[in-house]
Amino acid sequence: MAVASHKPIPLLKDELDIVIPTIRNLDFLEMWRPFFEPYHLIIVQDGDPSKVIKVPEGFDYELYNRNDINRILGPKASCISFKDSACRCFGYMVSKKKYIYTIDDDCFVAKDPSGHDINALEQHIKNLLSASTPHFFNTLYDPYREGADFVRGYPFSLREGVPTAVSHGLWLNIPDYDAPTQLVKPRERNTRYVDAVLTIPKGTLFPMCGMNLAFDRELIGPAMYFGLMGDGQPIGRYDDMWAGWCVKVITDHLGFGVKTGLPYIWHSKASNPFVNLKKEYKGIFWQEEIIPFFQSATLSKDSTTVQKCYIELSKQVKEKLGPIDPYFTKLADAMVTWIEAWDELNTPSEEKSSKPANGVAAK
């Protein structure tokens with residue numbers, strides 16, 4: 001993939017962190033340099049903390065490994081997954097910025113149909129800075145994009161929209177399929193570029209993918225918990241989807257919006273479907289009960305903040321999903337621990353303790 005030839009004017013340069021979970025050297029950042037270099041990176045190193053992760057010169061970043069997570073959170077570090085990309089949510093917790101963009105290290109710069117490099121971060125920011133329309137579907141999709149508007153018959157009382165909490169981007173090349181679909185369609189590639197952004201309607205769930213995702217941390221951050229996955233857990237590859245289901249119930253309750261569609265990234269590498277099947281096995285049949293749970297979940301009027309919503313939801317998880325498997329009782333407890341850790345780290349008196357031991361690399 002070619003590196004972009006021009007440097008765009010960075011939007012929200014001092015208000016956005018880029019969070020990257022990884023187990024390897026971040027050579028992929030060279031491709032993203034024209035778009036990411038002006039921003040601060042939070043790198044969450046998974047796996048062996050003694051391994052040295054190399055970051056290309058010129059990026060402003062801080063890197064946290066498992067030792068840092070244990071030191072900063074103490075006993076509450078148990079809520080952060082190990083040997084799973086769900087560890088990325090630790091980066092959301094320690095960030096001090098209003099917005100977060102998270103991307104996987106096998107995601108490269110995609111090209112639009114005209115052959116131009118896509119500035120995914122810029123499109124996410126545009127999505128977040130414009131309103132969402134969850135209460136009434138606009139058949140021209142996002143009415144706030146250039147060249148679009150509300151169609152005839154759209155209620156004027158709803159045209160102001162609601163604040164956008166989440167911008168969910170898509171991927172060209174390797175699709176984000178589950179293991180059974182990977183196995184029956186091993187050569188399938190997504191080549192369809194759909195030039196559209198739309199609001200997911202209120203009351204509708206969606207399978208959130210964390211590899212190309214942006215959100216307003218101040219609006220919805222505490223609900224962006226990627227659960228207990230990976231090492232020592234009976235399930236994997238449901239981290240982002242669990243967060244998405246929780247987030248959608250809470251955004252619907254609090255009156256925020258979720259957008260999906262543009263921007264695209266180029267997903268370069270297919271993961272092993274047999275390994276994925278082992279990780280997903282329980283989730284594939286558990287989700288047939290999890291989805292109806294979230295579809296019917298309601299929150300009380302007393303839940304006026306994201307934290308209160310999340311705690312109330314955790315109690316419902318324990319009550320309704322706990323009987324399915326002890327894992328959900330453990331997960332519900334971890335949801336509470338996550339909120340406690342979030343609140344502890346996001347008070348002014350705690351800011352100094354949330355720095356990685358290896359410090360911040362300057363540009």
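The model is a predicted one. Its largest nonpolar core has 69 residues, and a second, separate core has 33 residues. Helix α2 spans residues 66–73, helix α7 spans residues 239–254, and a loop between α8 (273–296) and α9 (306–321) holds serine 303.

**Helix α2**

- Arg66, Asp68, Ile69, Ile72 and Leu73 are the buried residues of α2.
- These buried residues lie within an arc of 160° when the helix is viewed down its axis, so they line one face of α2.
- An α-helix has 3.6 residues a turn, so residues three or four places apart point the same way.
- The elements packed against the buried residues of α2 are the strands β2 (40–45) and β3 (60–64) and the helices α3 (89–94) and α10 (326–345).
- At the start of the helix, a side-chain oxygen of asparagine 65 comes to within 2.9 Å of the backbone nitrogen of asparagine 67.
- Just after the helix, glycine 74 has a positive phi of about 60°.

**Nonpolar cores**

- Within the largest core, the residues with the most contacts are Leu73, Tyr225, Trp242, Phe294, Tyr310 and Trp338.
- Helix α10 gives the most to this core, with 11 residues.
- Among the residues of the second core are Leu12, Leu16, Met31 and Tyr101.
- Leaving out residues up to four places away in sequence, tyrosine 225 touches Cys79, Cys89, Trp242, Ala243, Tyr310, Leu331, Ala334, Met335 and Trp338.

**Aspartate 239**

- Aspartate 239 is part of helix α7.
- This residue is buried but has no salt bridge.
- Arginine 88, its nearest side chain of opposite charge, is 5.0 Å away, whereas a salt bridge requires a side-chain nitrogen of Lys or Arg within 4 Å of a carboxyl oxygen of Asp or Glu.
- The side chain of aspartate 239 does make a polar contact, at 3.4 Å, with the side chain of serine 85.
- Beyond its neighbours within four places in sequence, aspartate 239 is in contact with Asp84, Ser85, Ala86, Phe226 and Met229.

**Serine 303**

- Serine 303 has a relative accessibility of 5% and therefore counts as buried, the limit being under 20%.
- A polar contact of 2.4 Å joins the side chains of serine 303 and glutamate 312.
- Apart from residues up to four places away in sequence, serine 303 touches His253, Leu254, Lys308, Cys309 and Glu312.

Technical notes. Residues numbered from 1 in each chain as written. Predicted model: local features only at pLDDT ≥ 70, side-chain atom pairs only at ≥ 80, totals over all residues. Heavy atoms only, no water. Buried < 20%, exposed > 50% of the residue type's maximum accessible area, 1.4 Å probe, protein only. Helix = DSSP H or I, 4+ residues; strand = E, 2+ residues; numbered from the N terminus. Arc of directions from axis to C-beta. Contact = heavy atoms within 4.5 Å. Polar contact = N/O pair within 3.5 Å; in protein donor to acceptor, adjacent residues only side chain to side chain. Lys, Arg positive; Asp, Glu negative; His and termini not counted. Core = buried A, V, L, I, M, F, W, Y, C linked by side-chain atoms within 4.5 Å.
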